[in-house]
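Me: I have a model open and want to go through some packing and contacts. Can you take my questions one at a time?
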Amino acid sequence: MSDDGADAADASSPTDREYAEWLDALADGDGFAVVCPEGHGSLPPRRVCPECGSPELSREPLDETGTVETYSVVHVPSPRFADDAPYATAVVDFGPTRLTGVVRDGDAERDGDDAAPAVAIGDAVTVDIGERATDGERLVAFRPAAGETPAEDE
Amino acid sequence: MSEVRVAGVGLTPFGSHPERTGRDLFAEAALRAFEDAAVARSDVEELNYGNFMGSLAEHQGHQAPLMAEAAGVRCPATRYESACASAGVAVREAVRTVAAGDADVVLAGGMERMTNLPTDEVTEGLAIAADDLFEVRSGVTFPGAYALMANAYFDAYGGTREDLAHVASKNHANAVPNEYAQYRKEVSVDEAMDAPPVAEPLHLYDACPITDGASALVLVSEEYAAERDLDAPVAVTGTGQGTDRMALGDRDSLARTPAADDAADAAYADADIGADAVDVAEVHDCFTIAEVLALESLGLFEPGEGIAAAREGVTTADGDLPVNLSGGLKAKGHPVGATGGSQIAELTRLLRGDHPNSDHVPDAEVGVAHNAGGTVASAVVHVLEVAE
């Protein structure tokens, strides 16, 4: 398609800038939601609140721990998760917004064992960044909050 | 406003046709629809064509002109894409066009070709109907998304995998006599329970198959039908559509499908009926839990009560309210971009009395079709009635 070789690396691995910055924030422990004056939370990028259309948006921190609202253990993955399966994916309420991510063990990345971490609705989890086993891409990772005292974080 | 009549319906057999081109599949469905309708191709004023993943599966964008050629019509032709509701929105716009008096004859339907791709690529292709950044990259597959809804439903209202297995078993039984169905074989509740997991709590028989196929409808105004003395006894009397937040996690409830509530409310209001008037339904059971959610959004069951409908025999072929007598997406098959048109075709045949399962609903006057896109971020509902 392109008629020159300039920035081949950029062309082959485009970045979704706002998403990447949001992941960076999550990795730094500064995960946030975009919140309007009515208190509707959403994820970036936003020019207006998706619920009410308000353009007055601010960044609000996520709760330190979230509550698992639902989950599934996925056995048949898409190609991007071929080496990750089986894995547990979950939707977690973090206060101003919910996040969807993959549940990981508390201490380390999964190392090829054959079972997804146990998870249940109502579990308390923290969020940070993990790696996709298949290709090393970053993803939203939840880890059990049990056993950690809130004072440990920040 | 004109009343909209279904003059003719056409389907390909649903199944695995990896060697057949999309244009040939749609050509076959359109040919059957024109034969059924006895309407001249030259009278068609618009083609509304649904397709979801043709750009991936056939490396073919801009499919509408191609499908107009395949159908042998020359008129404005447009492709509609709304994931698994692609044909539903295509039909809806056809209904609105005829109802508004902007056209007397519209060809509507859709096509999907899927089995020429490896299963993992289909999985990836379907997953992109979800939010790529905040769901797909977080490991959500298409079955996985409905599994998230199923566990949320179980948590909110109760229910078990076995309840869902009854939905699968019912729809497989319904597909047996349907000549267009992909899986014309019975599946017992035990077999469904013992099948391998796909995304827990959903197992293999909770999921619809990967399917190739096409659907086509010839929709005409009542005036056109009367002038030509067409045999078109079924009318589309109501249409409604709803949209929700794209990502499941952004919805008010993970155990409900508000977009379908909105679509049903609008369709019932358009038809001036209530849910209690419905005699038979074709609903979007891409996964067994989806049928449960559909029944509740359509107002046919209260929230939390749809889960037991199949097990208790209410929605079975011999029940008070048969659901998915075609076999549903579950057993008839789900060529994504064709499904919304296929549901209307099956419902029309059921109401006309020429469906192999019509004997189960001999007095049915009112049918409802529910077609969903993604995890029901899009929903389309149509009401069909016997008009004469």
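Me: Is the crossing where α6(B) passes α11(B) left-handed or right-handed?
Reply: Left-handed, meaning the near helix is turned anticlockwise from the far one by less than a right angle. This is a predicted model, where local features need pLDDT of at least 70, side-chain atom pairs count only at pLDDT 80 or more, and totals for chains, interfaces and linings use all residues. Residues are numbered from 1 along each chain as written, with chains lettered from A in the order written.

Me: Which residues make that contact?
Reply: Y146(B), M149(B), A150(B) and Y153(B) come from α6(B), and I289(B), A290(B), V292(B) and L293(B) from α11(B). Contact requires C-beta atoms, placed from the backbone, within 7 Å.

Me: What about A294(B), buried or exposed?
Reply: A294(B), in helix α11 of chain B, has 30 C-beta neighbours inside 10 Å and therefore counts as buried (20 or more is buried, 12 or fewer exposed, in between partly exposed).

Me: What does A294(B) touch?
Reply: Leaving out residues up to four places away in sequence, A294(B) touches A260(B), V283(B), H284(B) and H370(B).

Me: Switching to the two chains: how many residues are in contact?
Reply: 28 of chain A with 30 of chain B.

Me: Which element of chain A gives the most?
Reply: β4(A), with six residues. Strands here are DSSP E runs of at least two residues, and helices are H or I runs of at least four.

Me: How does β4(A) pair with β5(B)?
Reply: In the antiparallel sense, over two bridges; DSSP must find at least two for strands to pair. V73(A) stands opposite E200(B).
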